[in-house]
Amino acid sequence: QVQLVESGGGLVQAGGSLRLSCAASGRTLSVYAMGWFRQAPGKEREFVAAISWSGSTTKYADSVKGRFTISRANAKNTVYLEMNSLKPEDTAVYHCARTSIVTMTPDLEVWGQGTLVTVSS
């Protein structure tokens with residue numbers, strides 16, 4: 001059974017940057033597309049970004065396009081989310097998951113504990 005551990009969240013001022021990491025253990029994720037999702041207080045979970053298994057294809061939610069970059073290091077079984085020009089509305093708990101690059105939805109309901117990103121204005 002795969003386990004996912006997200007890290008890198010924290011408190012940052014608007015306009016700042018953070019880099020999130022998602023480390024997988026228990027099973028390799030190098031042959032799967034992966035994605036980041038977020039859930040703000042009182043809101044539904046939403047798609048943020050996805051990356052194909054090779055890294056050649058990436059997709060982003062319109063709200064983060066141009067500010068966030070998803071990448072992966074298959075040798076480390078790790079996926080990253082570089083977040084720049086952060087806005088207060090980016091405040092949420094961020095999770096990674098195995099993801100369909102076509103539908104941009106999770107295709108395996110295995111979730112880590114998430115990492116909290118708080119952006120102050």
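In which sense do β3 and strand β8 pair, and over how many bridges? The two strands, the latter spanning residues 78-83, pair in the antiparallel sense over six bridges. Strands here are DSSP runs of E with at least two residues, numbered from the N terminus, and two strands pair if DSSP finds at least two bridges between them. Within this pairing, A23 stands opposite T78 in β8.

The model is a predicted one, in which local features need pLDDT of at least 70 and side-chain atom pairs count only at pLDDT 80 or more, while totals for chains, interfaces and linings use all residues. Residues are numbered from 1 along each chain as its sequence is written, and side-chain values use heavy atoms, with hydrogens and water left out.

Strand β3 also has a partner in strand β1 (residues 3-7): five bridges join the two, which run antiparallel. There, S7 has S21 in β3 as its bridge partner.

Because C22 lies in strand β3 (residues 18-25) and C96 in strand β9 (residues 92-98), the pair ties together parts that are 74 residues apart in sequence. The link of C22 and C96 is right-handed, with 60° about the S-S bond.

Are these cysteines buried or exposed? Buried means under 20% relative accessible area, with a 1.4 Å probe and protein chains only. C22 counts as buried at 1% relative accessibility, and C96 is buried with a relative accessible area of 0%.

Notes. Disulfide = S-S within 2.5 Å. Helix = DSSP H or I, 4+ residues; strand = E, 2+ residues; numbered from the N terminus. Buried < 20%, exposed > 50% of the residue type's maximum accessible area, 1.4 Å probe, protein only.
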